[in-house]
Amino acid sequence: MNRILIIANGQIHTELLSRIAPRYGNIICADGGARHALDIKITPHLVVGDLDSLDPGYREALEAAGCRLEVHPVKK
């Protein structure tokens with residue numbers, strides 16, 4: 001079975017995320033959740049959102065790593 005981990009923006013327990021993330025076949029981040037993944041040296045497979053809570057440096061790192069970005073407009 002292919003397990004999926006979804007990481008959202010907000011406060012997280014970094015040590016716990018570091019321990020459990022390798023158990024998942026796919027990692028999807030919701031917007032600023034990508035920052036949490038990159039901070040623990042994990043490249044998500046997909047990032048979804050308007051990316052307004054993601055600094056440009058993080059977005060560049062995601063793009064350089066080949067992460068798929070599904071960008072939606074800020075105004076909904």
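**Working through the model**

Reply: K75 sits in the segment after strand 4 (68–71). Keep in mind throughout that this is a predicted model.

Me: Is K75 buried or exposed?

Reply: K75 is exposed, at 78% relative accessible area.

Me: How far is K75 from L62?

Reply: The two are 13 residues apart in sequence, and their C-alpha atoms are 23 Å apart in space.

Me: How many bridges join strand 3 to strand 4?

Reply: There are 4 bridges between strand 3 (residues 46–49) and strand 4, and the two strands run parallel.

Me: And which residue is the bridge partner of V48 there?

Reply: E70, in strand 4. The side chain of E70 also meets that of R68 in a salt bridge, at 3.3 Å from N to O. E70 is partly exposed, with a relative accessible area of 30%.

Me: How many salt bridges does the count come to?

Reply: The count comes to 3 salt bridges. Side chains of opposite charge can pair when their charged atoms come close.

Me: Where do R19 and E15 lie?

Reply: Both are in helix 1 (residues 14–20), 4 residues apart, which is about one turn of the helix. R19 is partly exposed at 47% relative accessible area. E15 counts as exposed, at 52% relative accessibility.

Me: Why does E15 count as exposed?

Reply: Because exposed means over 50%, and the value for E15 is 52%. R19, at 47%, is partly exposed.

Me: What separates E63 and R59?

Reply: About one helical turn, since they are 4 residues apart in helix 3 (residues 56–64). E63 is partly exposed at 44% relative accessibility, and R59 is partly exposed at 33%.

Me: Now the inside. How many residues does the largest nonpolar core have?

Reply: The largest nonpolar core has 16 residues, and those with the most contacts inside it are I7, I27, C29, V47 and L62. Strand 1 (4–7), strand 2 (26–30) and helix 2 (33–39) are the elements that give two or more residues to this core. Helix 2 gives the most, with 3 residues.

Me: Take V47 from that list. Which residues is V47 in contact with?

Reply: Leaving aside neighbours within four places in sequence, V47 is in contact with C29, D31, A34, L62, C67, R68, L69 and E70. C29 and L62 are also among the residues with the most contacts inside the core.

Me: What does the side chain of D31 reach?

Reply: It reaches the backbone nitrogen of L51, at 3.1 Å. The D31 side chain also makes a polar contact with the side chain of S53, at 3.3 Å. Not counting residues up to four places away in sequence, D31 touches V47, V48, D50, L51, D52, S53 and L54.

Me: Back to L51. What is its phi near?

Reply: Phi of L51 is near 60°, a positive value in a residue other than glycine. L51 is in the loop between strand 3 and helix 3. At 7% relative accessibility, L51 counts as buried.

Me: And K41, what is its phi near?

Reply: Near 65°, again a positive value in a residue other than glycine.

Me: Is K41 buried or exposed, and where is it found?

Reply: K41 is exposed, with a relative accessible area of 75%. It is found in the loop between helix 2 and strand 3.

Methods. Residues are numbered from 1 along each chain as its sequence is written. This is a predicted model: local features need pLDDT of at least 70, side-chain atom pairs count only at pLDDT 80 or more; totals for chains, interfaces and linings use all residues. Side-chain values use heavy atoms; hydrogens and water are left out. A nonpolar core is a set of buried Ala, Val, Leu, Ile, Met, Phe, Trp, Tyr and Cys residues joined through side-chain atoms within 4.5 Å. Buried means under 20% relative accessible area, exposed over 50%, partly exposed in between (1.4 Å probe, protein chains only). Contact means heavy atoms within 4.5 Å. A salt bridge is a side-chain nitrogen of Lys or Arg within 4 Å of a carboxyl oxygen of Asp or Glu. A polar contact is a pair of N or O atoms within 3.5 Å; within protein, one must be able to donate a hydrogen and the other to accept it, and residues adjacent in sequence count only if both atoms are side-chain atoms. Two strands pair if DSSP finds at least two bridges between them.
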